[in-house]
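Hi,

Here is the structure I promised to pass on. Have a look at it first, and then read my notes below.

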Amino acid sequence: MFSKIKKRYIITVLLSGFFFVGVSFKEDFFEIAKQIEIFTNIFKTVNQNYVDETNPSELMDKAIKSMLADIDPYTNYFSEQDVIKFKINNTGEYTGIGAMITRKDDKLIIKEPYKGFPADKAGLKAGDEITQIGDVLLSDFKDDASQLLKGAKNTKVDIKYLRLGKPMSTQITLDEVEIKAVPFFAKIDEKTGYIVLSQFNKKASSETREALEKLKNDGVTQIILDLRGNPGGLLHEAVNICNLFVPKGEIIVTTKSKNEKYNSTYKTTREPIDTQIPIAVIVDGKSASASEIVAGALQDLDRAVVVGSRSFGKGLVQRPFDLTYGTQVKVTISRYYTPSGRCIQALNYSKKDKNGKATKTDEKNFTAFKTKNGRTVYDGGGILPDVELEETKLSSIAEALQKNDAIFNYVTNYYYKNPSLGDKIPTLTDADMADFKAFIKKEKISFDTETELALKTTLEKAKKEKIDASIAAEYQQLLTALQKSEETLIDKNSKEIKNLLLDEIIKRYQYKEGLYQYYTKNNSEIKKAVTLFNNIAEYNKILKI
């Protein structure tokens, strides 16, 4: 009797924990209850009978995350610690060291210290590898080590780290860190204002409004809004930012779901700042989600010219749901549609290829839609700029060099070899490119292109089947040929790679602010936007005004 009651209790808890959406499961309730009961029995049986000790918490965590990973990359489970980080991302405020940190190959690396914040004040630099936090050796710590760098304001934390392999130490005093949604804005000529919007936290629209008003007061009559690298965030902030430039009552985005209660139409609700000022919105392959809502809405309403390269293509909307014990799940609940009616989602997660990867909509299958003035725009593959700049698209070799930190690590060495560069902007030469290629060889940095990864996978399978010795010579020949091909690709794309190297070099000496300042005079997308503004007939022709 007790076991039946216990089993019913477990099923009830799981139902309330997982199926928080509040949907009526009229037709498939039995199937859901059946699968939960099967899972509960398996989970209990394995934990009670497995030959070695199991960790129920870890098993459940992996089970949940594996289940959600098969749906899409945006439906995620958050532990209690993850929930805290998620809230930080939305508010833009936390107490910590003020630096972008990444963990790679069990190493905790400072990627970017923010100017004037604790890590910067303590002397930490990009490329520093943290080895110990307080009494905790990171080589023995497998959990999220960044949590060790958070705490109450004015807490002092002792840090040990490696700089180019040399052991060093410092002490960081934790402080409040405010992550700005608008990290930079400036007047780049007598008429043109430039606003960088890097994320959509709860302060995004207020910071954008403040920047816009200050620039207008300073005489600006045309605006460049830079959304490059912006991964998105809060949907309502995207609506509010559009509201700065379009009238009250205008539809900005519509969400559609299988559950009617999530179907919503988001309109502008306030009086705008300026409905006439010419706008150029810059996007790239890393502009996603809320960035695409802003770019897509302003494009569909013929309110701005979009410049750059095709955006990421994320047309899905997520919503967080609170669960028990301080945990949370973020679920994809709907798709969003721009004012013209298009959904710009690039990948179809309901259809997978033979390797289990989501399929991409072919351009020939894109559907055409019309903007307010009758221009043709398409769905299915992100926001295609009105003015597409081929030179701004990231090549596969450049992506590989960024992904595997070849550029980042080279610049770390460059920084310490050139300590007196200061605010000077270097000119990278062919000799510098030769030095870069030599560095890659010396450090044995793998490009990990798709071809190279496929070749490595082939060798691993050959080792398992014990036939690697018979193909060793052929494998090495193919690998050498591939590496030569990759070197040729570096030479072919040297201008692009030089620009990426230069961007990273400027950040090391002048922080992100210095890079944005450099962009105002040297960036091709910004130059193109200014050229368009200076030829208002061409600008109006694009928008069919």
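A disulfide here is a pair of cysteine sulfur atoms within 2.5 Å. With that cut-off, a search of the whole structure finds zero disulfides. The sulfur of Cys-242 has its closest cysteine sulfur in Cys-343, 16 Å away, which is too far for a bond. Cys-242 is buried, at a relative accessible area of 0%, and Cys-343 is buried too, at 13%. (Buried means under 20% relative accessible area, exposed over 50%, and partly exposed in between, with a 1.4 Å probe and protein chains only.)

Before you read on, please note that this is a predicted model: local features need pLDDT of at least 70, side-chain atom pairs count only at pLDDT 80 or more, and totals for chains, interfaces and linings use all residues. Residues are numbered from 1 along each chain as its sequence is written, and side-chain values use heavy atoms, with hydrogens and water left out.

Now to the cores. A nonpolar core is a set of buried Ala, Val, Leu, Ile, Met, Phe, Trp, Tyr and Cys residues joined through side-chain atoms within 4.5 Å. The largest one has 50 residues, and Tyr-194, Ile-224, Leu-401, Phe-436 and Leu-501 have the most contacts inside it. Helix 14 (residues 494-522) gives the most to this core, with eleven residues. (Helices are DSSP runs of H or I with at least four residues, strands are runs of E with at least two, and both are numbered from the N terminus.) Another core, of 40 residues, lies apart from it and includes Val-239, Val-281, Ala-295 and Ile-383. Setting aside neighbours within four places in sequence, Phe-436 is in contact (heavy atoms within 4.5 Å) with Leu-401, Ala-406, Ile-407, Tyr-410, Ile-497 and Leu-501.

- Asn-230 sits in the loop between strand 12 (222-226) and helix 7 (235-243). Asn-230 counts as buried because its relative accessibility is 0%. Its side chain reaches the backbone nitrogen of Gly-232 at 2.9 Å. Beyond neighbours within four places in sequence, its contacts include Phe-200, Lys-286 and Ser-287.
- Ser-311 is in the loop between strand 16 (305-308) and strand 17 (316-322), and counts as buried at 4% relative accessibility. Its side chain makes a polar contact with the side chain of Glu-292 at 2.7 Å. (A polar contact is a pair of N or O atoms within 3.5 Å; within protein, one must be able to donate a hydrogen and the other to accept it, and residues adjacent in sequence count only if both atoms are side-chain atoms.) Residues up to four places away in sequence aside, Ser-311 touches Ser-287, among others.
- Thr-75 is in the loop between helix 3 (56-69) and strand 1 (76-78), and counts as buried at 5%. A polar atom of its side chain lies 3.2 Å from the backbone nitrogen of Thr-332.

Last, a pair of helices. The axes of helix 15 (residues 524-534) and helix 16 (residues 536-543) come within 4 Å and cross at roughly 100°. Axes are lines fitted to C-alpha atoms, for helices over the stretch in contact, and angles run from 0 to 180 degrees between N-to-C directions. Helix 15 is therefore roughly perpendicular to helix 16, a label for angles of 65 to 115 degrees (under 35 is roughly parallel, over 145 roughly antiparallel, and the rest oblique).

Best wishes
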